[in-house]
Amino acid sequence: MFRLTANDLTVGYDKVPIIQNLSVTIPDKQITSIIGSNGCGKSTLLKAITRIIPYEDGSVLLDGSQIATMKTKDVAKKMAILPQSPDSASGLTVGELVSYGRFPHQSGLGRLKQADIDVIHWAMEVTAIIGFKHRTVDELSGGQRQRVWIAMALAQETDIILLDEPTTYLDMAHQLDILQLLEQLNKQEGRTIIMVLHDINQAARFSDHLLAMRSGQIIQTGSPGEVLTKEMLRNVYEIDGEIGTDPRTGKPICITYDLIKQKEQHNNEKKIHSAI
Amino acid sequence: MIPSQLIRKQRIIIFILLLLIIMTSIIAIGVGSSSVSIDRLIPTILGNGTFKEDFVFFSIRLPRLIIIVLAGMALALSGAILQALTRNDLADPGIIGINSGAGLAIAVFFLFMPIEVENFVYMLPVVAFIGAMATAILIYIFSHQRKTGLNPIHLVLVGVGFSMALSGLMVILTSGAKNEKVDFIANWLAGNIWGTDWPFILALLPWILILFPYTYIKSHQLNIFGMSEPVGIGLGMHVEKERIVLLMVAVALAAATVSVTGGIVFIGLMAPHIAKGLVGPRHQLFLPITILMGAWLLLVADTIGRNILQPEGIPTGIVVAIIGAPYFIYLLLRSK
């Protein structure tokens, strides 16, 4: 089943197309990661799918309806977005920020019903931030704050959650922490997760499905084993990498790499050395 | 989800502000030229005043007082909306040029239209709104960049530029005009509150009665504007539609007010900022405090202005600027 698909999507800023005629289907109840080099259009794709930026041509379908013609509140009941480095007004408590996730379910003045409060409570419990409920968001560390934003997205009660580089600006431990939280949401709560990730090893470790992009096109899709290959690294990142198997997770891993230009240089130097 | 001690704090602050407004009003009426002494105030209100007391109280002081309270409230609310929409504590209808747009439209109207006093009063807010809205649209176009959106510092700079250019235009317009009309425009620029009669209250009141509750109902949306735009879109808010409507509300509030009070700057900057400092960024809590704070600040400024430098006093707008300009500079330095 594919609830979320894009067909012949063309997206651009100032008429320069960043993405052209791109089609993709997102598998349900799985973790999908979009990978690719800087400027390949992976964030743009996520923004177009989530209606943050408009697309020029093509369509994005959610449960068979065009997102562009759906009521924006109805879209927000089906998919939640965590944009790259979001920010909030200073002075809000964790509980309040999470409660904003109820916006698409509220009407009028935005009073919270008991059902809303229960969902907010649940979202804070799942993300293990219930202990900070009354603290202000500003006091928290980067990793904790990211958990609060994920809780807000959860409070939207959507089956689909999209995240744009959720681990940026976090240290190694907190990056893992956030990714494990997302894995848990996928496994235990059955949420479909789509994210843009920079780190290909993290993408391979936590995703069921990878989309590799280059200059506005998806050039490879499939399981991490199928996508994380020497060939893909060369095509997408222009690097020459060694692929091994992670001894702990059994997932493919890029152990080391060189830039392709550097490698040629390296070989040339070797040749020069041996010639001497 | 709002902490209950904050709600209690808000109630107490509202109570204190109401008290301050009443006390300042009594002092304002009791001092200066054409005053009603404090011990005669209650008898006069109850209808037992002398002819002179009645006249001074009901025809001079009370309408001025009401105009000032309403104007302070409207300017403060306008500032609060602009600050939320631009995510910028420096936004104020005066600073970003909306007031000058209203002023220019009024000047043109005043200089070139044959004036019938009756309709003049009720036309003013409408004329001011047209001028202010046109200016707001221009400022928006000039400070909006496609990639970065509305840059806060950019907006203030463009606004200040517009504000100065439009004030200059007003001066040029007056250079060929008759003396009394020049006086009017010079007074307007200085923020000398002139519309201090009952018809002006009636002209201002409908705008306020409609736009105050409307803005309060939009508290939740204004809160969401406090987060970055993609978050608002993700939550299913019509960001673009809400922004345009609320911007029109802010412009209408400022335009209706300054059409009666002249160019008063900084109330819309200070009042919301102080209110946020007291109870935090939730609009449902700080908007009521903002409007009361705006009313009180303008009342204090007007009372000082009227009683300093006898007999004419100095225009209220100048007193507000003397208090507000350092506050603005403080915010500007802090917002780096």
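B:Phe57 is a buried residue, with a relative accessible area of 4%. It belongs to a predicted model that holds five aromatic pairs over all chains.

**Aromatic pairs in chain B**

- The ring centres of B:Phe57 and B:Phe58 lie 4.9 Å apart with the planes at 90 degrees, so this pair is edge-to-face.
- B:Phe58 is partly exposed, at a relative accessible area of 31%.
- A tilted pair is formed by B:Phe266 and B:Phe328, whose centres are 6.0 Å apart and whose planes stand at 50 degrees.
- B:Phe266 sits in the loop between α11 (239-261) and α12 (267-279) of chain B, and B:Phe328 in helix α14 (residues 316-334) of chain B; the pair therefore ties together parts that are 62 residues apart in sequence.
- B:Phe266 is buried, with 12% relative accessible area, and B:Phe328 is likewise buried, at 14%.

**Charge over a ring in chain A**

- A:Lys73 is placed over the face of A:Phe103, 4.9 Å from the ring centre.

**Interface of chain B and chain A**

- Contact involves 23 residues of chain B and 35 residues of chain A.
- About 2400 Å² is buried between the two chains, and carbon and sulfur atoms give 67% of this area.
- B:Met1, B:His220 and B:Leu235 supply 29% of the area that chain B buries against chain A, more than any other three residues.
- Two salt bridges are found across the interface; B:Arg87 forms a salt bridge with A:Asp87, with the closest N and O atoms 3.5 Å apart.
- On the side of chain B that touches chain A, α9 (219-225) and α10 (229-234) of chain B each supply at least two residues.

Conventions
Residues are numbered from 1 along each chain as its sequence is written. Chains are lettered from A and ligands numbered from 1 in the order in which they are written. This is a predicted model: local features need pLDDT of at least 70, side-chain atom pairs count only at pLDDT 80 or more; totals for chains, interfaces and linings use all residues. Side-chain values use heavy atoms; hydrogens and water are left out. Rings of Phe, Tyr and Trp (its six-membered ring) pair if their centres lie within 6.5 Å; planes under 30 degrees apart count as stacked, over 60 as edge-to-face and the rest as tilted. Buried means under 20% relative accessible area, exposed over 50%, partly exposed in between (1.4 Å probe, protein chains only). Helices (H or I, at least four residues) and strands (E, at least two) are DSSP runs, numbered from the N terminus. A charge sits over a ring if NZ of Lys or CZ of Arg is within 6 Å of the ring centre and within 35 degrees of the ring normal. Contact means heavy atoms within 4.5 Å. Buried area is the accessible area (1.4 Å probe) that two parts lose on being put together, summed over both. A salt bridge is a side-chain nitrogen of Lys or Arg within 4 Å of a carboxyl oxygen of Asp or Glu.
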